[in-house]
Structure formats: structure tokens, C-alpha cells
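Student: Please take one part of this structure and go through it closely. I would like to see how the chain is divided and what lies where its parts meet.

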Amino acid sequence: MNETLSLTIRHHTGFTYDGLAKSSYNEARMTPITGASQEVRHARVTVQPVVPLSTHADYFGTIVTAFDIQEPHPKLEVEARSNVESRAGLVAPAISWRELRAPALVDFFSEYLFATERTKLAGDVLDPLAEWSQISDLHSCVDAVSAYVRGNVTYLPGATSVEATAQEAWDLGEGVCQDLTHVTIGLLRELGIPARYVSGYLFPLSDADVGEVVAGQSHAWIEYFSGAWTGMDPTNGIPETERHIIVGNGRDYDDVAPLKGVYQGAASSSLGVVVDMSRTH
Amino acid sequence: MASVTQVSMVFDDDSSAAWNEMFSAPGSPRPIYERLFAELGRYQPAELRQRSEQLSHTFSERGVTFAHSGEERPFPLDVVPRLIGAMEWDHLSRGIGQRVHALEAFLADIYGEGRIFAEGVIPRSVVTSSPYFCRPAFAVDPPNGVRITVAGIDIVRDEIGNFRVLEDNVRIPSGVSYVIENRRAMTQTFASLFSDHRVHPVDSYPAHLFTALRAAAPPNQSDPVIVVLSPGVHNAAYFEHVLLARMMGVELVEGRDLLCRSNHVYMRTTNGERPVHVIYRRVDDDWLDPLQFLPDSTIGVAGLVNCARSGNVVISNGIGNGVADDKLVYTYVPEFIRFYLSEEPLIENVETYRLEDDDVRHEVLGSLASYVVKPVDSSGGKGIIIGPQADEKTLAKTAEAVTESPRNWIAQRTVSLSTHPTLVDDGVSPRHIDLRPFAVNDGEEVWVLPGGLTRVALGEGELVVNSSRGGGSKDTWVLTDESIPLSESRVIKQRLRNFNFSPRQDGNVGRGDQ
């Protein structure tokens with residue numbers, strides 16, 4: 001009943017420097033993780049220039065590839081390749097609001113209930129909170145919130161920078177998937193629904209043949225707790241499907257930034273992000 | 001007027017409710033102080049003042065200064081030492097050791113499996129909302145299990161003579177250099193006083209620290225390289241960094257002297273790179289590794305946290321220790337001792353109120369002028385509001401701040417800290433003091449430096465003793481034997497036995513005073 005999708009993913013990103021970077025220290029969070037809705041068959045991160053890599057799981061369980069480069073280098077390239085078997089997550093009936101507000105549960109999920117600098121919201125964006133809290137079914141409530149966000153923040157690539165906060169995107173009325181995700185998380189937390197940020201990839205709807213490479217996306221969506229963590233994509237207004245491949249989750253973008261680093265040297269610019277995906281069978 | 005009379009008159013003029021360390025009643029020195037009192041009584045006030053000037057001269061010469069309001073000043077050392085009897089010290093040092101063991105267990109737990117949350121001893125949200133909870137520290141496990149190589153546990157003595165813990169400092173506690181320098185200056189200036197007392201020496205501190213740092217090294221390092229990492233000459237405690245490095249015989253380095261490569265740390269030297277295995281760092285977490293924390297830190301070392309994670313280097317004290325210093329977490333420490341050690345706390349906390357509880361908060365805000373209110377993340381006495389000494393405007397602002405974010409504040413009963421005769425402008429007069437003992441954990445045992453830093457608030461009635469607030473210090477003598485009449489020793493034993501072991505609800509409003 002549950003359709004599975006077998007995908008090969010290539011995620012390429014990096015930086016070029018105006019001149020040379022003397023040394024750089026980096027962490028990549030670009031490796032999909034095995035969980036209830038996906039199984040990672042193979043994953044490998046490579047870096048140019050070639051340097052030793054070390055991996056560990058961070059506090060949130062995301063696989064981190066850490067490395068440093070000591071030779072002067074004009075650019076840094078990171079490529080993550082993986083092979084993932086994915087299926088749509090099951091959406092179980094939600095627990096009640098009363099169960100959701102049990103002190104033990106509230107305490108357990110406290111990190112996903114506090115606002116962060118990225119997710120905090122104030123002003124008119126909060127107007128419908130009282131109305132939403134009247135919706136008895138949690139899933140329907142989250143759908144209403146998501147529809148509201150999508151209705152008020154237009155998805156527009158390039159509208160905001162990677163540093164944008166939920167409030168900024170809301171005030172602008174435009175944003176990318178990261179922004180719609182932050183706004184949705186901010187609202188759900190205001191409602192007392194534990195919500196977290198998911199970083200990953202989205203395989204586009206296509207009739208591509210097996211083996212045919214299509215342009216995928218680095219993508220962000222949410223998981224909220226309704227008795228179990230339930231995935232939901234506010235940008236597209238759909239539940240998490242087998243086309244959503246999870247890399248990791250956290251309180252907001254900063255916990256799962258795909259590539260972060262510090263370096264010594266001239267100014268840098270991003271190489272951009274390329275995600276190629278293809279079905280393997 | 002005979003000098004003895006004159007000195008004694010001012011010595012014991014203490015009408016406050018505070019416990020006077022030296023006198024049990026006007027004119028009656030406590031037994032351990034009898035000899036000191038008699039000896040000091042032989043000095044003319046002018047002579048005492050001259051000795052005092054000698055002390056500060058010694059300090060200026062040795063560069064024992066701290067930065068106060070942007071200028072370097074000698075840390076004022078009072079001529080009258082503070083004495084602690086052997087039996088009291090035994091109790092105190094065991095209580096501090098117990099506390100350090102419990103805090104070690106707590107830190108290992110919250111950066112690991114989180115058993116204490118599952119058992120409901122402390123709400124998870126208290127930890128996850130702490131500004132010091134450091135997610136990059138998760139699963140960075142020190143090889144010998146020690147995160148708190150050095151602890152500075154601040155102790156006060158309350159109105160009835162019980163020691164209490166005021167706060168825990170397990171990040172980068174400073175001040176031990178003053179303990180060493182105070183003793184050095186006092187032995188030079190008051191040699192005769194020492195000949196009358198058997199005092200535990202303090203100069204073995206660097207050796208204990210060095211041993212603990214060696215023990216913390218990655219396994220398979222038979223001869224580990226240890227360094228002291230300082231933020232540099234502009235840091236208020238730079239003198240201490242220099243002193244400790246010199247006394248341990250290890251390199252003093254700054255961030256730019258270290259380099260991380262493939263999860264190993266190296267020191268740049270004139271002879272090329274040299275591996276480093278243990279870093280006794282005096283740089284705050286936030287500035288320690290720009291890859292993990294503040295990216296524009298220039299005093300840190302990029303990549304250091306991942307080097308520690310891989311086990312090739314040990315950062316001492318551990319990263320993320322600040323959670324244990326959080327003043328809301330402090331209110332749970334007695335529970336940690338029961339939970340991790342199955343023991344009763346040997347030293348109680350000061351009565352502290354958790355302001356997230358609506359009832360508690362209303363009660364406290366209703367009579368704010370009687371409490372001490374502290375930001376949970378403060379240190380060095382910064383941001384503390386002493387209710388009884390605050391004006392209306394300050395109290396109103398404090399109430400507003402507490403209401404706005406109750407998690408960020410705690411309230412404490414205003415403890416009238418014990419007083420000690422201290423040389424001030426008008427003569428010798430009682431001033432409030434506290435005590436910061438220093439504990440060193442080498443993984444086998446927690447050793448507490450006999451004595452510690454007694455800080456004294458030099459203003460009359462002033463309750464904040466920190467050097468950053470213009471306080472001074474006293475040489476602190478732990479006597480090697482009681483040398484007191486049997487009758488009195490029985491009294492002390494009695495009092496020790498009467499340390500209140502009964503469980504106390506820190507969250508309840510109401511004076512828990514005995």
C-alpha cells in the first residue's frame with residue numbers, strides 16, 4: 001500500500017574565494033539518515049581539496065562530516081552522494097489537545113516549544129491563534145496553520161537570504177521553503193504543538209524514467225508531534241511523502257545548516273547548490 | 001590608651017545579626033582566634049596600617065593586580081587573616097568534594113543519556129532553556145570522565161554559623177593566584193603570626209592541578225603536553241594564567257599559538273609544531289571555537305571542539321559546564337547529591353526561590369525588598385539586586401524584568417554574611433566575607449585546597465564581596481589542629497552534628513531559617 005521510491009542523490013555545494021583561503025574549518029550536514037520513512041543504502045561525502053574527513057552524530061542525531069583544510073585553496077567543493085529507499089510516513093490519528101498539554105509531554109519536548117531567534121513571531125501574524133486552538137483534530141489544526149502561512153507568505157526563490165527570520169519573511173510576505181518552515185514552526189509552538197525543522201531533499205513530481213537525472217531541490221519542511229512526529233511540507237501544502245528525503249532535524253535552520261564553516265582569507269561567495277536525483281528502479 | 005584595649009574595642013563592635021567569625025561575644029574571641037587576637041593586640045593601629053601598606057606594596061611589585069573600572073589595581077589584602085579550624089575544614093572540604101562529584105555526574109548525564117530527566121529529578125526544560133546548555137558538548141566524553149578539573153564553590157556562613165553554598169563555579173573559576181600570593185605576602189610581613197599557628201600550606205595547588213591535568217590526558221599519552229590557554233594580557237585574570245603556567249612548568253599560549261589539523265591540536269613554536277594533549281583553558285565557551293560558537297572570535301581555536309570529540313585533546317574545564325553554574329540549576333543541586341550519590345548534602349544551599357512558579361513569584365514580588373535577586377547567568381556579582389539596599393526604582397525595574405522572563409532570575413533570602421574584623425579607614429571593623437575554596441578533581445579524588453579565597457566587602461554593610469565590586473581579600477588559614485580547650489571542641493562538634501540534614505523544598509516561599 002505504501003509506495004516506495006528508490007533514489008540516487010547527488011548534492012553539490014561549496015565556496016569560491018576572491019584569492020585564496022589559507023585555512024578553513026567546516027561541518028557538512030549532508031548525509032541522509034535512516035529512519036521510519038527511509039533507509040539509507042549508501043552515503044558518501046567527498047571534499048575538494050582532498051582532506052581527511054571525520055564523522056559523528058550531533059545532539060539531534062544528524063550525521064556531521066567535519067574537516068579542515070590547511071593548504072591555500074581557491075575554492076571548496078563538497079559533494080554528498082547517497083542511495084535511499086523512501087516511503088511515505090504513516091499518519092497516525094492524533095492525540096488530543098489535553099494529552100498534548102500534559103506537563104510531562106510539554107517538558108519532554110521543551111526544546112521544540114521554545115521560540116528561537118529564527119522562529120519567534122509577534123504582531124498580527126498571531127491573530128488566528130485562538131481560532132486554531134478550537135480545531136479539535138491536531139492534524140487539521142496544523143493543516144489550517146500551514147494553509148494560512150502559504151496564503152500569506154508567497155514562495156519566491158531568492159526572496160530572502162539564508163539568515164532571514166520567520167518574522168522578516170512574514171513582514172515581507174515572501175520567502176523560500178526555509179522561511180515558510182520557520183513561520184509554520186513559530187506558529188505551532190505558539191499553539192503549544194512541538195514542532196521541529198527538517199532539512200532534506202525533495203524529488204520533484206515527474207515522469208522521469210529510471211536512471212534519468214532530474215534537478216532536485218534542497219528542501220525544508222516540518223515535523224510536529226501529534227503522538228508521533230508527523231512530517232508536513234508547508235511550502236507545498238502536502239504531508240511528507242516518499243519524495244521527501246530526510247537529512248536531519250533541529251530547532252531551526254541553524255541546527256541543520258548543510259555546510260557551515262570558518263576560514264582565514266579573502267571574501268567568499270557560495271558556489272550555489274546543485275541537487276541531482278534519479279530513480280534507481 | 002593601651003593598644004590591646006583599643007584594638008579589641010573596635011574589633012568586636014558588631015551589632016548586626018551576622019555571625020562574627022572572630023568573636024562569640026564582645027571581648028570574647030572564639031578559641032581558634034585567641035592567639036591571633038592576642039598577637040594582633042600587640043600592634044599599634046599605626047603599625048598595622050604600616051604592615052598593610054607593606055602588603056599592598058608587595059602586591060604591586062609582583063604585579064598581583066586586577067582590572068577595576070579600566071585600571072589596574074592591587075587586589076587589597078587585609079592584614080587580619082581569616083581562620084578555619086581543622087574540624088570545620090574537614091566538614092567543609094568533604095561537603096565541597098561531595099558537591100563536585102554530584103555536579104560531575106550531572107554534567108556527564110545531561111551530555112549523555114539523560115537519566116536524571118527520565119527519573120524526573122529536574123525538568124528537562126530547565127536544562128534545555130539554560131543559556132549555557134551547550135549542544136556541541138553532547139557526547140564529548142573526557143577520557144577520565146572529568147569535566148570539572150577545577151571548581152570554585154562559593155561558600156557563605158549564615159547568621160547562626162552554618163556554612164551554605166551560595167553558587168557553583170565550574171566553568172573557569174579564578175582567584176587561586178590570590179590565595180597563593182596572599183600567603184606569600186603574609187608570611188613575609190607577619191612571620192611571627194605564623195610561628196604561633198600551625199597553618200596548612202597552599203603552595204601545593206599548582207602541583208595538584210598539574211597532576212589532575214596529566215590524569216585527564218588522552219590514554220596512550222605517557223608524556224602529555226599540557227598548556228594554559230589564556231585570552232591574553234587584557235584579561236582581568238592574566239596574572240593568574242601566567243602564574244599557574246609558570247608554577248606548573250607548562251606553556252602559556254593564546255589562541256593564535258594553537259592550530260587544529262585533522263582533529264589534532266598543535267602548538268606553534270620556534271622549533272616548529274608540537275602536539276598538545278591537554279588544554280587548561282581560561283577562555284569562555286563562547287569564544288573558544290569559532291566553528292561552533294561565536295564565528296568572529298579571534299581568541300579561540302577553530303576546530304577545537306571536534307578535536308576534543310575525537311579524543312585527541314582534552315579541554316579542561318569541559319565545554320558546556322556552565323549549565324551547572326546556572327542559578328536555577330543550582331536550586332536542584334541538593335537533589336543531584338541525593339540522586340547520584342545517595343547521600344544527604346553536607347552543605348546546604350541558601351534558601352532560593354524558583355520564580356517560574358506563579359505562586360512563588362507572586363509571593364517574592366510582593367516583598368521584593370527583602371530578597372536578593374540574581375540573574376541566573378550572572379557571575380562576579382554582576383546584575384545582583386540586594387533588595388534591602390535597593391531603591392524603589394531599581395525594585396520596580398527588577399520586578400518588571402522578573403515578570404517578563406521568570407526563567408532568567410532567582411530570588412534568595414538575604415543572608416547577612418558572616419563578618420570578620422578588617423582594617424578599614426576608621427580602624428579595625430567588622431566587614432562581610434565569603435569563601436571561595438578551590439577543588440581539583442584528578443578523577444580519583446577531589447582535593448580541596450586548604451582554605452581558599454576569603455573575599456571581603458570593604459564598604460560598611462556591603463554584602464557583595466566580588467573584586468569587580470571593589471572587594472578585597474584575606475589570607476585564609478586552615479589550622480592543622482584545633483589547639484583549643486576540650487570543652488569548646490565539644491561545642492563545635494555539637495554544632496557540626498546540628499548541620500541541618502533535613503530535606504528542604506527550595507521552591508517553597510517562606511523563611512527556612514533555623
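Tutor: In this predicted model, chain A is divided into domain 1 (4–87 + 257–279) and domain 2 (97–255). The centres of domain 1 of chain A and domain 2 of chain A, taken over C-alpha atoms, are 24 Å apart. Their contact involves 27 residues from domain 1 of chain A and 26 residues from domain 2 of chain A. On the side of domain 1 of chain A that touches domain 2 of chain A, E1, strand E5 (73–87) and strand E16 (274–279) of chain A each supply at least two residues. By class, the residues of that side of domain 1 of chain A are 13 nonpolar, ten polar and four charged.

Chain A also touches chain B: 17 residues of chain A are in contact with 19 residues of chain B. Five elements of chain A each give at least two residues to the side that touches chain B, namely strand E1 (4–28), strand E3 (54–57), strand E4 (63–69), helix H2 (103–108) and strand E14 (259–265). The side of chain A that touches chain B is made up of seven nonpolar, five polar and five charged residues.

Note on methods: Residues numbered from 1 in each chain as written. Chains lettered and ligands numbered in written order. Predicted model: local features only at pLDDT ≥ 70, side-chain atom pairs only at ≥ 80, totals over all residues. Contact = placed C-beta atoms within 7 Å. Helix = DSSP H or I, 4+ residues; strand = E, 2+ residues; numbered from the N terminus. Nonpolar A, V, L, I, M, F, W, Y, C, P; charged D, E, K, R; others polar. Domains from an automatic or database assignment.
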